[in-house]
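This briefing concerns the pockets of a protein model and the residues that line them. Please consult the sequence and structure shown below.

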Amino acid sequence: TMHLMEGELPTSMSGSCGASINGKLYIFGGFDDKGYSNRLYYVNLRTKNGTYRWKKITNFKGQPPTPRDKLSCWVYKNRLIYFGGYGCRKHSELSDCFDVHDAFWEGQIFWGWHNDVHVFDTTTQTWSQPTIRGGDPPQPRAAHTCAVVGNKGYIFGGRVLQTRMNDLHCLNLDTWTWSGRIDISGEKPRDRSWHTLTPIGGDRLFLFGGLSSDNVPLSDGWIHSIATNGWKQLTHLPKSRPRLWHTACLGQEGEVMVFGGSKDDLLFMDTGHCSDLLIFQTQPYSLLRLCLDCIGKNAALLESQIPRLPSKLMQEVLKKITFWAATTHRQERKAETDRQSQLHST
């Protein structure tokens, strides 16, 4: 469903960073015709009257990050923890956390990449910059991806100066200590930016898509095991569905759902954004899920037995019956359309 938004709507931006916490969606930063932004907005998604109202946060305490886009955000303990991004700084704001883009500066304004960490506490509406207590931080970067597992915030890849990376780092979000570049055993994904990293199963990370350093849109998927510190490529993924600058989230059965983004190198060609939903199964389905699907597919055959099921299961069974009936209807309609097209062509 699509909802009209009210209130202080964010301007149309690219490269903004969105994160959801306690039922509120926060949007920070981005780029529009006026340049880079460091504004923060939120909308309450748990509205009771169906009205979604944006609000720009202006009564915050502390100092927000400098304007930037293509940054990442970890959500941890009611806090939004932002890392990196590409943006601009005044000459007086230059520091070790900022790599100047050689070709982009004008007067006292410089453009480049960041590797600083900023925290927004959603309960006190306060910006702060934690003191990093140790470890080597990742190089300044943008269009990287991040994920939280336990109290660790992971970073993978991204654009660094004139290249793209395939390095993995993590930050302890309690002690503010960087891991340094994590040494990986065995094979690993190639360098990329504009990809996604999704936590699955409590101790694994699912990496998908992106744009390689030689500007090739990628469609590969990898699972990183934190316990064994190794990557494993999923070999059954379709090779014809590359994605970059997409979004990804975890489903209830361990599947990763990818939506949006582009299938082209956005810097040189964009034939339209993708509107199809890709679903990747990263682990076997539960026995309950398999049984429900079996009943849903064979509802006509099991019609006399279904009413005997426990009442607790009945609602789930009815959902599956509806889903598979709709799926079968769509398949039959598509087959009929294809048959009619063949008749017309002959």
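Which strands each supply at least two residues of the lining of the largest pocket? In this predicted model, they are S2 (17-21), S3 (24-32), S7 (72-76), S12 (145-149), S16 (196-200) and S20 (247-250).

**Largest pocket**

- The largest pocket holds about 1800 Å³ of space.
- Its lining comprises 47 residues, and those closest to the pocket centre are Ser16, Cys17, Gly18, His246 and Thr247.
- By class, the lining of the largest pocket consists of 27 nonpolar residues, 19 polar residues and one charged residue.

**Second largest pocket: volume and centre**

- About 610 Å³ of space lies in the second largest pocket.
- This pocket is lined by 20 residues, of which Glu255, Arg289, Asp293, Lys320 and Phe323 are the closest to its centre.

**Second largest pocket: origin and class of the lining**

- Two or more lining residues come from each of strand S21 (255-259), helix H1 (287-297) and helix H2 (311-345).
- Helix H2 makes the greatest contribution to the lining of the second largest pocket, with eight residues.
- Domain 1 (4-281) and domain 2 (287-344) each provide at least three residues of the lining of the second largest pocket.
- Nine charged, seven nonpolar and four polar residues make up the lining of the second largest pocket.

Key
Residues are numbered from 1 along each chain as its sequence is written. This is a predicted model: local features need pLDDT of at least 70, side-chain atom pairs count only at pLDDT 80 or more; totals for chains, interfaces and linings use all residues. Side-chain values use heavy atoms; hydrogens and water are left out. On a 1 Å grid over the protein atoms alone, a cavity is a set of points where a 1.4 Å probe fits but cannot get out, and a pocket is an open set with protein on both sides within 12 Å along at least five of seven lines; lining residues have an atom within 4 Å of a point. Grid points are joined across faces, edges and corners, and a volume is the space filled by probe spheres set on the points. Helices (H or I, at least four residues) and strands (E, at least two) are DSSP runs, numbered from the N terminus. Ala, Val, Leu, Ile, Met, Phe, Trp, Tyr, Cys and Pro count as nonpolar, Asp, Glu, Lys and Arg as charged, and the others, Gly among them, as polar. Domain bounds come from an automatic or database domain assignment.
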